[in-house]
Amino acid sequence: GAEDRIVFPRTAKAVTVINTDTVGGDDLRVHFNSTSSGNVVGGLHFVQLNSVTDSIAFNVKCKEIFISNAGAGPGAYTVIAELTSIPSDQMFELTGSGLTQ
């Protein structure tokens with residue numbers, strides 16, 4: 001049930017998340033808003049990585065991502081981001097249909 005917020009030092013234009021949890025076996029959820037900010041989990045507004053080495057690559061402009069787990073274990077993952085020269089404070093919040101509603 002834990003959630004991590006990964007804030008990039010600059011706006012990212014591509015992000016890859018790899019599930020590296022070899023111990024707990026918990027499914028990881030990757031999303032663009034906190035689970036506490038709307039209907040992220042109930043609305044299925046996340047991508048789930050079900051096993052070790054599962055990964056997802058997003059070509060998306062963002063300043064942060066959230067990673068949570070479906071179980072009680074701590075989870076483990078690797079994040080690779082391709083950053084732009086755009087300051088993060090210049091990036092708008094990602095909200096709306098498919099993200100929080």
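Where does threonine 53 lie? Threonine 53 is found in the loop between β3 and β4. Strands here are DSSP E runs of at least two residues, and helices are H or I runs of at least four, numbered from the N terminus. Notes on the structure follow.

1. Basis. This is a predicted model, in which local features need pLDDT of at least 70, side-chain atom pairs count only at pLDDT 80 or more, and totals for chains, interfaces and linings use all residues. Residues are numbered from 1 along each chain as its sequence is written, and side-chain values use heavy atoms, with hydrogens and water left out.

2. Overall build. The chain has 6 strands and 0 helices. Along the sequence the pattern reads β-β-β-β-β-β. Of contacts (heavy atoms within 4.5 Å) between residues at least 6 apart in sequence, 84% join residues at least 24 apart.

3. Burial and surface. Of the 101 residues in the chain, 37% are buried. Buried means under 20% relative accessible area, exposed means over 50%, and partly exposed is in between, with a 1.4 Å probe and protein chains only. The chain exposes about 5,500 Å², and carbon and sulfur atoms supply 51% of that area. Accessible areas come from the Shrake-Rupley method with a 1.4 Å probe; for residues, only the protein chains shown count as cover.

4. Positive phi. Threonine 53 is not a glycine, yet its phi is positive, at about 75 degrees. Its relative accessibility is 61%, so threonine 53 counts as exposed. Leucine 44 also has a positive phi, near 55 degrees, and is a residue other than glycine. Leucine 44 sits in the loop between β2 and β3. Leucine 44 is exposed because its relative accessible area is 61%.

5. Salt bridges. How many salt bridges does the structure hold? The structure holds 2. The criterion is a side-chain nitrogen of Lys or Arg within 4 Å of a carboxyl oxygen of Asp or Glu. One joins arginine 5 and glutamate 64, with the closest N and O atoms 2.6 Å apart. This pair links distant parts of the chain: arginine 5 is in strand β1, glutamate 64 is in strand β5 (residues 62–69), and they are 59 residues apart. Arginine 5 is exposed, at 56% relative accessible area. Glutamate 64 is buried, at 10%.

6. Lysine 13 and glutamate 82. Their side chains meet in a salt bridge of 3.4 Å, N to O. Lysine 13 lies in strand β1 and glutamate 82 in strand β6 (residues 77–87), so the pair ties together parts 69 residues apart in sequence. Lysine 13 counts as partly exposed, at 46% relative accessibility. Glutamate 82 is partly exposed too, with a relative accessible area of 43%.

7. Threonine 11. Is threonine 11 buried or exposed? Its relative accessibility is 0%, so threonine 11 counts as buried. Threonine 11 belongs to strand β1 (residues 3–19). Leaving out residues up to four places away in sequence, threonine 11 touches Lys61, Cys62, Leu83, Thr84, Ile86, Pro87, Ser88 and Met91. A polar atom of the threonine 11 side chain lies 3.4 Å from the backbone oxygen of proline 87.

8. Serine 34. This residue is in the loop between β2 and β3. Serine 34 is buried, with a relative accessible area of 13%. Its side chain makes a polar contact of 2.8 Å with the side chain of glutamate 3. Another, of 3.0 Å, joins the side chains of serine 34 and serine 36. A polar contact is a pair of N or O atoms within 3.5 Å; within protein, one must be able to donate a hydrogen and the other to accept it, and residues adjacent in sequence count only if both atoms are side-chain atoms. Not counting residues up to four places away, serine 34 touches Glu3, Val40 and Phe66. Aromatic rings. A search of the whole structure finds 1 aromatic pair. Phenylalanine 32 and phenylalanine 58 form this edge-to-face pair, 5.1 Å centre to centre with 70 degrees between the planes. Rings of Phe, Tyr and Trp (its six-membered ring) pair if their centres lie within 6.5 Å; planes under 30 degrees apart count as stacked, over 60 as edge-to-face and the rest as tilted. Both phenylalanine 32 and phenylalanine 58 are buried.
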